[in-house]
Amino acid sequence: AQPTIRRLPPTPPPHNPPPPHTHAPPNPPHTHPQTPPPTHRPADRTVDKSLSKAIMQARLAKKMNQKQLGTAINEKPQVIQQYEAGKAIPNPQVISKLERALGCRLPRPKKAKKVKDDE
């Protein structure tokens, strides 16, 4: 006697067949309104010229380059570059480290005072 082979009933098609594959048209190059990237930071938030000049003068007096000063305060040379170029947003901790490494006081940025309305 030969073994009987049982056939399984055919599987029904899936309930939700995937939609036919169509290629979406490529996005047109920025036709929707978009805010332009900021061209510069607000002047009141960046390093003051007196601070950037003081850092550079103190660094040169110590005969250090930007990389050496950056290494001395555990910051990247780009940070020193930004401070000296007046493009960095002043960070009190970085300024403190610079003062210690350079052995001098640096001009601190003025703190913005919150104006209280009279009640």
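Begin by selecting E84 and R59 in this predicted model, where the two side chains meet in a salt bridge with N and O 2.5 Å apart. E84 belongs to helix α3, residues 77-85, and R59 to helix α1, residues 49-61, so that the pair, 25 residues apart, links distant parts of the chain. Colour both residues by accessibility and you will find E84 buried, at 7% relative accessibility, and R59 buried as well, at 8%. Side chains of opposite charge can pair when their charged atoms come close. This pair is one of four salt bridges found in a search of the whole structure.

Next, select E75 and K97, whose side chains form another salt bridge, with an N to O distance of 2.9 Å. E75 sits in the loop between α2 (66-72) and α3, while K97 is in helix α4 (residues 92-102), so this bridge ties together parts that lie 22 residues apart in sequence. Here E75 is partly exposed, with a relative accessible area of 25%, and K97 is likewise partly exposed, at 24% relative accessibility.

Stay with helix α4 and move to E99, which is found in that helix and is buried, with a relative accessible area of 9%. Which residues does E99 touch, not counting residues up to four places away in sequence? Show C104, R105, L106 and R108, and you have the residues that E99 touches under that condition. With R108, E99 forms a salt bridge in which the closest N and O atoms are 2.9 Å apart, and R108 is partly exposed, at 34% relative accessibility. Salt bridges that share partners join E99, R105 and R108 into one network. The side chains of E99 and R105 are also joined by a polar contact of 3.3 Å.

Now display the whole of α4 and look along its axis. The buried residues of this helix are V94, I95, L98, E99 and L102, and they fall within an arc of 140 degrees when seen down the axis, so they line one face of the helix. An α-helix has 3.6 residues a turn, so residues three or four places apart point the same way. The buried residues of α4 pack against α1, α2 and α3, whereas P92, Q93 and R100, on the other side of the helix, are exposed.

Just after the helix comes G103, which takes a positive phi of about 70 degrees.

From here, turn to the largest nonpolar core, which has 17 residues, and select L51, I55, L69, Y83, L98, L102 and L106, the members that touch the most other members. The elements that give two or more residues to this core are α1, α3 and α4.

Centre the view on Y83, one of those core residues, and show what surrounds it. Leaving aside neighbours within four places in sequence, Y83 is in contact with V47, L51, S52, I55, A88, I89, P90, N91, V94, I95 and L98.

Follow that list to V47, which lies in the segment before α1 and is buried, at 6% relative accessibility. With neighbours within four places in sequence again left aside, V47 is in contact with S52, Y83, G86, A88 and P90. If you draw a line from the C-alpha of V47 to the C-alpha of N91, it spans 9.1 Å, although the two residues are 44 residues apart in sequence.

The last stops are in two loops. Most residues other than glycine have a negative phi, and most peptide bonds are trans. Select K63, in the loop between α1 and α2, where phi is near 55 degrees, a positive value in a residue other than glycine. K63 is exposed, with a relative accessible area of 74%. Then go to N74, in the loop between α2 and α3, which has a positive phi of about 65 degrees although it is not a glycine. Is N74 buried or exposed? At 71% relative accessibility, N74 counts as exposed.

Key: Residues are numbered from 1 along each chain as its sequence is written. This is a predicted model: local features need pLDDT of at least 70, side-chain atom pairs count only at pLDDT 80 or more; totals for chains, interfaces and linings use all residues. Side-chain values use heavy atoms; hydrogens and water are left out. Helices (H or I, at least four residues) and strands (E, at least two) are DSSP runs, numbered from the N terminus. Buried means under 20% relative accessible area, exposed over 50%, partly exposed in between (1.4 Å probe, protein chains only). A nonpolar core is a set of buried Ala, Val, Leu, Ile, Met, Phe, Trp, Tyr and Cys residues joined through side-chain atoms within 4.5 Å. Contact means heavy atoms within 4.5 Å. A polar contact is a pair of N or O atoms within 3.5 Å; within protein, one must be able to donate a hydrogen and the other to accept it, and residues adjacent in sequence count only if both atoms are side-chain atoms. The arc is that of the directions from the helix axis to the C-beta atoms.
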